[in-house]
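Look over the structure first, then read on.

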Amino acid sequence: MAENPSNREFASSVSLVVTGNDLNPSDVTAALGIEPDSSWRRGDAKRVGSDLYEWGGWKKHLSGRDEDDPFTPELQVWVDLLKPRTAEIRSLQEVGCNLVLVCFISVSGAALVELTPSFQRELASLGVDVHMTIWGGQNAG
């Protein structure tokens, strides 16, 4: 679905988020071979307020993606990036890490998200959770 910057109908993003009580972000980076956009350890100060993180975290957004790209191709990029790393994903899970593909979709009208059976099998084989937030409003962007 094409977007008009002044009247966006569709916006989406998919990020990989890894969390764990004793997560060491450098261990996640080494295991996955991917640099995070942000990371923290349990006990680090949050960026806003005076609270401390109760768990460690590691977060990566896709860079250089086409803003007009719909949601499904972005999710496919993550599947393609993570497929060769399933052993590393399992190793992280074995030490208590939770891996989640966090999906956000915002639409001002209707949008079709197609997840074919073969794609669902690929996604499921990764063993990561998928969280979807879908928001509808007047201006999706």
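In helix α2, the residues L75, Q76, V79, D80 and L82 meet F119, E122, L123 and L126 of helix α4, contact meaning heavy atoms within 4.5 Å. By class, this contact has six nonpolar, one polar and two charged residues (Ala, Val, Leu, Ile, Met, Phe, Trp, Tyr, Cys and Pro count as nonpolar, Asp, Glu, Lys and Arg as charged, the others, Gly among them, as polar).

The model is predicted: local features need pLDDT of at least 70 and side-chain atom pairs pLDDT 80 or more, while totals for chains, interfaces and linings use all residues. Residues are numbered from 1 along each chain as its sequence is written, and side-chain values use heavy atoms, without hydrogens and water.

Helices (H or I, at least four residues) and strands (E, at least two) are DSSP runs numbered from the N terminus. Helices α2 and α4 pack at about 50°, their axes 10 Å apart; axes are lines fitted to C-alpha atoms, for helices over the stretch in contact, and angles run from 0 to 180 degrees between N-to-C directions.

The sheet is open and mixed, with five strands in the order β2-β3-β1-β4-β5; strands pair if DSSP finds at least two bridges between them. Its edge strands each pair on one side only:

| Edge strand | Residues |
|---|---|
| β2 | 38-40 |
| β5 | 129-136 |

Strands β1 (residues 10-20) and β4 (residues 98-107) run antiparallel, joined by 10 bridges. The bridge partner of L16 is L101 in β4. Helix α1 (residues 25-32) packs on the sheet, touching β1, β2 and β3.
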